[in-house]
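This report covers selected local features of one protein model, from side-chain contacts to backbone geometry and strand pairing.

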Amino acid sequence: MPAVIVVGTQWGDEGKGKATDHLGANVDVVVKFNGGNNAGHTVVIDGEKYALHLLPAGILSEGVTPIIGNGVVVDLEVLFQEIEALETRGMDTSRLKISANAHLIPSYNRLIDKTTEKFLGKRQLGTTGRGIGPTYADKMNRIGIRAQDLFDESILRQKVEGALVNKNHLLVKVFNKRKVDVDEVTAELLSYADRIKPMIVDSSLVVNDALDAGKTVLFEAGQATMLDIDHGTYPFVTSSNATAGGACTGAGVGPTRIDAVVGVSKAYTTRVGEGPFPTELFGAEGDELRERGGEFGVTTGRPRRCGWFDAVVARYAARVNGLTDLVVTKLDVLTGYEKIPVCVAYEVDGQRFDEMPPDQTSFHHAKPVYEFLPGWNQDITGARTFEDLPTNAQRYIEFLEDVSRVRVSVIGVGADREAAIVRHEFI
């Protein structure tokens, strides 16, 4: 049985949660391998909306074991808020497992995140202020706190104390903030120890054992390709590897175990936060697409920047992730447009780029080169086969397939869990 990675191919919010949930009935284990509660998934089941921020989307599928891998950073307060919210609505969360090696987001990193972003002024990165970046920085600086540290009070206190040596100097002397108390932070973290202990596992062992037993494992990425710390639009990126390679390090499996890499893309493009965005629409045109698609952040509520489909980005994502399949979501949002532009290349200072420009400056100044496809007016939310789609909608998908160089295996035509067309099975 396969090991399948699901990644975003744009700047996030592509519908990875829905794609993961759609596959839930066919998988045994879903592993979130990167990121934290700085992103969100919305899944609609029988008309009910479920907003997930930290929990893997697989938690909504009966019989699936959801795992938070070692590559994730965990805000314990948010974790238990999400768990309680789902349980209140009758969802079973008892199957959740968390890697002992997952790093925790202490309160002082949320404070530092918000404070440093504010002081950047016009150079702000668009961080959510949830402590994600500072916690990943602590991980690399080897002063981070891991889930397993909650079960040894002496070690936990030493780690908190060590982390706060420099952080308190920064907060007090540079940002004129109050010194963070070691005892308060330690006590706050310890208050979660008994609740989280039954969930803690060696996630790498659990996942590899599942694969050895012939089970199907889905690796779910947070964020997306263009927000990857190495391969995204740096510095306007997240603090982890949101590309397919991150699944191996973030879940503790070898690359030889992966069978398929599924990219998720909207039928157009959005992004939240700062940074270059070649196909971005402004004014009434951008507002219309935003309203049509309900493009407001699940986690922050911020309006998303909206633009047309970018095939240059799609080809880049296919390359760096090794995509085998593409899921195109929100095709229904484009219903009613007379013509639909698709960016097939960039123009930079008179030079055409069919692939991603080699430097950030060129990408920042890139102008989209569009091809225009005829639109359609028919309601497609009830379509369940490719043949159910209007001819022009079929042609649009076939064009995206051609310019992206990846087969389109699933098409999203509405918000509900069942509103999808499956062209090719990859599980």
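Apart from residues up to four places away in sequence, D138 touches Y108, N109, I143, G144 and K167. The model is a predicted one. With the side chain of K167, the side chain of D138 makes a polar contact at 2.9 Å. D138 belongs to helix 4, and I105 lies 33 residues from D138 in sequence but 9.8 Å from it in space, C-alpha to C-alpha. Buried or exposed: which word applies to D138? D138 counts as buried because its relative accessibility is 3%, and the cut-off for buried is under 20%.

T135 is another residue of helix 4. Its relative accessible area is 2%, so T135 is buried as well. Neighbours within four places in sequence aside, T135 is in contact with V73, H103, L104, I105, P106 and N109. The buried residues of helix 4 are I132, P134, T135, Y136 and D138. In an α-helix there are 3.6 residues a turn, so residues three or four places apart point the same way.

**Backbone geometry**

Just after helix 4, the backbone of R142 adopts a positive phi of about 65°. R142 sits in the loop between helix 4 (132-141) and helix 5 (153-174). D13 also has a positive phi, about 65°, although it is not a glycine. Where is D13 placed? D13 is in the loop between strand 1 (3-8) and helix 1 (16-22). The two residues are set side by side below.

| Residue | Phi | Relative accessibility | Class |
|---|---|---|---|
| D13 | about 65° | 22% | partly exposed |
| R142 | near 65° | 73% | exposed |

R142 counts as exposed because its relative accessibility is 73%, and the cut-off for exposed is over 50%. D13, at 22%, is partly exposed, because that class covers the range between the buried limit of 20% and the exposed limit of 50%.

A further backbone feature is the cis peptide bond from Y234 to P235, where omega is near 5°. P235 is placed in the loop between strand 10 (217-220) and helix 9 (245-251).

Strand 15 comprises residues 325-329, and five of its five residues are buried. Which residues lie on each side of strand 15? D325, V327 and T329 are on one side, while L326 and V328 are on the other, and both faces are covered. In a regular strand the side chains alternate between the two faces of the sheet.

Strand 15 pairs with strand 11 (residues 260-266) and with strand 19 (residues 408-412). Strand 11 and strand 15 run parallel and are joined by five bridges. Within this pairing, V264 has V327 of strand 15 as its bridge partner. The pairing of strand 15 with strand 19 is also in the parallel sense and extends over three bridges. Here the bridge partner of L326 is V408, in strand 19.

Notes. Residues numbered from 1 in each chain as written. Predicted model: local features only at pLDDT ≥ 70, side-chain atom pairs only at ≥ 80, totals over all residues. Heavy atoms only, no water. Helix = DSSP H or I, 4+ residues; strand = E, 2+ residues; numbered from the N terminus. Buried < 20%, exposed > 50% of the residue type's maximum accessible area, 1.4 Å probe, protein only. Contact = heavy atoms within 4.5 Å. Polar contact = N/O pair within 3.5 Å; in protein donor to acceptor, adjacent residues only side chain to side chain. Pairing = 2+ DSSP bridges.
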